[in-house]
Amino acid sequence: MMTILMMVLAVTGGAMLSIQAAINGQLGSQVGVFKTAFLTFSVGALITALLILFFEPHHTLTLMDVPKWQLTGAMFGVPYIVIMVLALRRIGSALATVAVIFGQLMMSIMIDNFGWLHNPTIPFSLNRLGALLCLGIALMFIYSANRKEEEEPSGQQAPADSRE
């Protein structure tokens, strides 16, 4: 039951990332990519500080006590936000999101298989290969649908991925 709850929460988190990306894409086109990223991280830092203040249980280690390589994970959010703000305006929400998920799945499978970053080893399998192939096929379907939209002339406004 707990596994299903965690999967539902992860799907909800993924949906929220798509909403955030769509909103940030619009904001970034009006005020700039880096200002948008700065706003995202500033608001996120403020909300996280409040969550730490009111809800974080006491831990024996502080951020200054952990191995320093573990602190580098904080740097990976900035490229994600900047890339999504740039990409979403040009290729649309669905293609950008599936491309991100494909990259996440590919890297996650490698991290699991090799036990990188001190994670438990989960061997590569045909099921994992199948998942990767299915997501790659989904990425190609969405890409080709976007290409068809670009090629079909219509009197309506062009989709987000063909602007600029």
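What volume does the largest pocket have? About 240 Å³. The model shown in these views is predicted.

**View 1. The largest pocket and its lining residues.** L17, F76, Y80, I83, V100, G103 and Q104 line this pocket. Its volume is about 240 Å³. Which helix gives the most to the lining? Helix 4 does, with three residues. Helix 3 and helix 4 (93-114) each supply at least two of the lining residues. By class, the lining holds five nonpolar and two polar residues.

**View 2. Helix 2 packed with helix 3.** Two packed helices are described by the angle between their axes and the distance between the axes. Here helix 2 covers residues 33-55, and helix 3 covers residues 77-91. The angle is about 130° and the axes are 10 Å apart. Because of that angle, helix 2 is oblique to helix 3. The crossing of helix 2 with helix 3 is right-handed. From helix 2, the contact uses V33, F34, T36, A37, T40 and F41. From helix 3 come G77, V78, I81, V82, V85, L86 and R89. What classes of residue make this contact? Nine are nonpolar, three are polar and one is charged.

**View 3. Helix 4 packed with helix 5.** Helix 5 spans residues 126-151. The axes of helix 4 and helix 5 come within 9 Å. They cross at roughly 160°. Helix 4 and helix 5 make a left-handed crossing.

**View 4. The residues between helix 4 and helix 5.** On the helix 4 side are A94, L95, V98, A99, I101, F102, L105, M106, I109 and D112. They meet R128, A131, L132, L135, G136, A138, L139, I142, Y143 and N146 of helix 5. How many residues of this contact are nonpolar? The contact has 16 nonpolar residues.

Note on methods. Residues numbered from 1 in each chain as written. Predicted model: local features only at pLDDT ≥ 70, side-chain atom pairs only at ≥ 80, totals over all residues. Heavy atoms only, no water. Axes fitted to C-alpha atoms, helices over the stretch in contact; angles between N-to-C directions. Helix = DSSP H or I, 4+ residues; strand = E, 2+ residues; numbered from the N terminus. Parallel < 35°, antiparallel > 145°, perpendicular 65-115°, else oblique. Left-handed = near helix turned anticlockwise from the far one by under 90°. Contact = heavy atoms within 4.5 Å. Nonpolar A, V, L, I, M, F, W, Y, C, P; charged D, E, K, R; others polar. 1 Å grid on protein atoms, 1.4 Å probe; cavity = no way out; pocket = protein on both sides within 12 Å on 5 of 7 lines; lining within 4 Å. Points joined across faces, edges and corners; volume = space filled by probe spheres on them.
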